Amino acid sequence: MWKGNSPGGNQGVAMEEELGGQGNWGLEDAPGLLAMASLPIMPTWPLPLVSSAFTLLLGALTSLFLWYCYYLGSQDLQALAAGSRAGGVSGGPGGCSEVGRPSPGSSGEAGKGPRTEGLVSRRLRAYARRYSWAGMGRVRRAAQGGLGPGGGPGVLGIQRPGLLFLPNLPSVPFVPRDAQRHDVELLESSFPAILRDFGAVSWDFSGTTPLPRGWSPPLAPGCYQLLLYQAGRCQPNNCRRCPGAYRALRGLRSFMSANSFGNAGFSVLLPGARLEGRCGPTNARVRCHLGLKIPLGCELVVGGEPQCWAEGHCLLVDDSFLHTVAHNGSPEDGPRVVFIVDLWHPNVAGAERQALDFVFAPDP
């Protein structure tokens, strides 16, 4: 046994009373003694005050986090809108539109346009944070400006997409019909309805009268277009005027309807018009040309391979290859008319399509 006296007078008395009031303590009383001795060291705060302070701190941290998320999202959306306008993502389905030209200020190489590489990388990282990096190998290399197997974009320099080059995709100027059999057969079976829709919106294309409602200004002499989808955005007025064509588009499985690379509509080329060599913005899409009115003397050359349309039949074209369009017929032959739809390249996987739809979402 050992005898302990508290140095604090009343404190010692209180402790003695708690522990038996005798002032004689044993080892079995040590835990209680230590607990009593530590009480004056820890200040006692009112419970409501502690709860209020914790609530205020938690609210401040939550508000800061929400503001940071909003800031990042708004920056990405502003950059995407600016990049899509500067990079020429939008445009019509014909070769005469801006989608067939390299982005301003770019060298014509994939992923080398101004702000493009950083913009795509940022949007892709935002997608991966929300979903996953699984299956994103090719898209990630494309976002970093990945080049073709020969050290440069595409095949022998004739495939040079101006905005996005997805590596390791099979590359041929004319894609076999079987690659998109369902969509090809659906469009060909809709040929009579789509041709009737064109007749309902057609005009004389003389250029001497104001453009009818829905038709875009010619971006090259002798080239006109009426779009049902432009840069992934539906054009409601034109879709209402062309119910057969719109119904066919809604039935397609691989139409790029939610992507800035996706367009659909009528493309008209007048006799004597010629569209010199150009490349599309990406190799991730395939353009389906449904011939509506094909006079003699019309020619399409893609990657050095000549082809011609046929009325009621589809051609699948990889327009990331250098291509030229010409109407060498006489004025009496009338215009060449095709219905063009942008489809996903058949070898772009579902996870890659979802990621590219996120990265190249249409402008809000």
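Modeller: Let's begin with a word we need: a residue counts as buried when its relative accessible area is under 20%, and as exposed when that value is over 50%. Keep in mind that this is a predicted model.

Colleague: Thanks! Which residues of helix H9 are buried?

Modeller: First the general idea: an α-helix has 3.6 residues a turn, so residues three or four places apart point the same way. In helix H9, which spans residues 243-251, the buried ones are Gly244, Ala245, Ala248 and Leu249. Because they cover an arc of only 135 degrees around the axis, they lie on the same side of H9. Arg247 and Arg250, on the other side of H9, are exposed.

Colleague: And what covers the buried residues of H9?

Modeller: The cover includes two helices, H6 (181-189) and H7 (191-201). Strands S5 (223-230), S7 (264-269) and S14 (336-344) are also part of the cover.

Colleague: How should I read a nonpolar core? Which residues touch the most other members of the largest one?

Modeller: In soluble globular proteins, nonpolar side chains tend to be buried together. Here the largest nonpolar core has 35 residues, and Leu187 and Phe339 touch the most other members. Among the elements that each supply at least two residues of this core are H6, H9, strand S9 (285-293) and strand S12 (314-317). There is also a second, separate core of 22 residues, which includes Tyr127, Met136, Leu356 and Phe358.

Colleague: What is Phe339 in contact with, leaving aside its neighbours within four places in sequence?

Modeller: Its contacts include Leu187, Ile194, Phe266 and Cys288, as well as Ala245 and Leu249.

Colleague: Now the rings, please. How many aromatic pairs are there?

Modeller: A pair of aromatic rings is described by the distance of the centres and the angle of the planes. This structure holds 12 such pairs. Take Phe198 and Phe205: their centres are 6.4 Å apart and their planes are at 5 degrees, so the pair is stacked. Phe205 also pairs with Tyr224, with centres 5.8 Å apart and planes at 45 degrees, so that pair is tilted. This second pair links distant parts of the chain, since Phe205 is in the loop between H7 and strand S4 (215-220) while Tyr224 is in strand S5, 19 residues apart.

Colleague: Are Phe205 and Tyr224 buried or exposed?

Modeller: Both Phe205 and Tyr224 are buried. They also belong to one aromatic cluster, together with Phe198, Trp203, Trp215, Phe266 and Phe339.

Colleague: Which charged end sits over the ring of Trp309?

Modeller: That of Arg336, at 4.9 Å from the centre of the Trp309 ring. Arg140 lies over the face of Trp133, 4.0 Å from the ring centre.

Conventions:
Residues numbered from 1 in each chain as written. Predicted model: local features only at pLDDT ≥ 70, side-chain atom pairs only at ≥ 80, totals over all residues. Heavy atoms only, no water. Buried < 20%, exposed > 50% of the residue type's maximum accessible area, 1.4 Å probe, protein only. Helix = DSSP H or I, 4+ residues; strand = E, 2+ residues; numbered from the N terminus. Arc of directions from axis to C-beta. Contact = heavy atoms within 4.5 Å. Core = buried A, V, L, I, M, F, W, Y, C linked by side-chain atoms within 4.5 Å. Phe/Tyr/Trp six-rings, centres within 6.5 Å; stacked < 30°, edge-to-face > 60°. Lys NZ or Arg CZ within 6 Å of the ring centre and 35° of its normal.
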